[in-house]
Amino acid sequence: MPVNASKDTVFLQHPQGSQVTILLYGATVISWKVANDEGDLQERLFVSSKSRLDGSKPVRGGIPIVFPCFGPPIHPEHSRLSQHGFARSEAWKVDKIIMDNDAGVSIRLVLDPTVNDKIASLFPNPFLLTYVVTLAAHQLSTDLHVTNTSPSKPLEFQALLHNYILAPADELHVTPLQGLSYYDKTEGTDEARATPKTETRAEVDVKKFTDSVYENAPQRYKISWLNGDLEIKAKEFKDVVLWNPQEEGHKLADMESEGWKKYVCLEPGYVKGFVKLEPLKTWIGQQVMSVPQK
Ligand code: TA6
């Protein structure tokens, strides 16, 4: 069965073997498996073994969806929201199967605030979120559709896909970030965190605590390590965040022992400034992750 939905999860399987599991809580992709060169299925996403998958807390791993604010809220209309907004911590619903053939298996999920009083009380602006997850043989596409359902008022938001990529943190590097302007959230003062730096490295590693917000980024990235690589392409996600807490990860209650050694977060998003979506319009942020074939 290529699409299998249960009360809490959706499982997609491609005819060539790749698989994805989505938790309806947060529409969080919690597993993406693709065959390696030997033909064995290999997990590509990190999920902390201490992360609860019971809907009590956002998942520490996979691909949490950040919406409508990135980090602590700074927009006056977002003041009642918590860090990274509510999309990652609400129950989504399966809307429909979009495609189920050799080209790909695709499903659409929906988060509708008109049937969720909690969201309406935190964020009264009318909107609708849909999320299309498409699995191909060596690719995973995740597209976030934001519709402003108000007939009269613009919708202002930030959005990001918080990918936890399974890869050895002491070996990997990310390209091409050189020359980009970025904000370094590991700096000690508000002033230093708000002062842009310029990335000078051709290959950016995460061997030390890294929390960098690159703006106006190229929307195509490669993560490379000794025995692997992964490509990420994006559209309408003009910024990208690179995060690995290193030893600071001890402070995260849901981080497994030394979990930070196993992943890097490379997160396409629109997080510097806000998308301003006119009434009755839809914005689509797209991401395609792929495992390059030799
Ligand atoms: O995207 C990077 C970041 O904003 C970091 O600053 C870091 O705190 C991380 O997200 C995790 O946030 P969380 O709310 O999931 O603990």
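This is a predicted model: local features need pLDDT of at least 70, side-chain atom pairs count only at pLDDT 80 or more; totals for chains, interfaces and linings use all residues.

Visitor: What's the mean pLDDT of the chain?
Guide: The mean is 96, and 100% of the residues reach 70 or more. pLDDT is the predictor's confidence in each residue, from 0 to 100. For the complex, the predictor gives an ipTM of 0.98 and a pTM of 0.98.

Visitor: Ok, new topic. Which residues does UniProt list under "binding site"?
Guide: The unreviewed UniProt entry puts that feature at R60, Q83 and R88. They span 29 residues in sequence, yet no two of their C-alpha atoms are more than 13.8 Å apart, so they gather at one spot. A caution on such records: annotations may be inferred rather than shown by experiment, feature names are shortened, and positions are given in the numbering used here.

Visitor: Where is R88?
Guide: R88 is in the loop between strand 6 and strand 7. Q83 lies in that loop too, between strand 6 (65-66) and strand 7 (93-101).

Visitor: Is R88 buried or exposed?
Guide: R88 counts as buried, because 21 C-beta neighbours sit inside 10 Å. The cut-offs: buried means 20 or more other C-beta atoms within 10 Å of a residue's own, exposed means 12 or fewer, and partly exposed is in between, with C-beta atoms placed from the backbone.

Visitor: And Q83, buried or exposed?
Guide: Q83 is exposed, since it has 12 other C-beta atoms within 10 Å.

Visitor: What do those two touch?
Guide: Leaving out neighbours within four places in sequence, Q83 is in contact with G71 and P72. Contact here means that the C-beta atoms of two residues, placed from the backbone, lie within 7 Å.

Visitor: How many bridges join strand 2 to strand 3?
Guide: There are 5, joining residues 9-13 to residues 19-23, and the two strands run antiparallel. One of the pairs is Q13 with Q19 of strand 3.

Visitor: Last one, what about V240?
Guide: V240 is in strand 19 (residues 239-244). With 26 other C-beta atoms within 10 Å, V240 is buried. Its contacts, leaving aside neighbours within four places in sequence, include Y214, A217 and L266.

Visitor: How many residues of strand 19 are buried?
Guide: 6 of its 6 residues. D239, V241 and W243 point one way, while V240, L242 and N244 point the other way. In a regular strand the side chains alternate between the two faces of the sheet.

Visitor: Which strands pair with strand 19?
Guide: Strand 16 (residues 210-214) pairs with strand 19 over 5 bridges, antiparallel, and T210 has N244 as its bridge partner. Strand 20 (residues 263-277) also pairs with strand 19 in the antiparallel sense over 5 bridges, and there W243 is partnered with C265.

Technical notes: Residues are numbered from 1 along each chain as its sequence is written. Two strands pair if DSSP finds at least two bridges between them. Helices (H or I, at least four residues) and strands (E, at least two) are DSSP runs, numbered from the N terminus.
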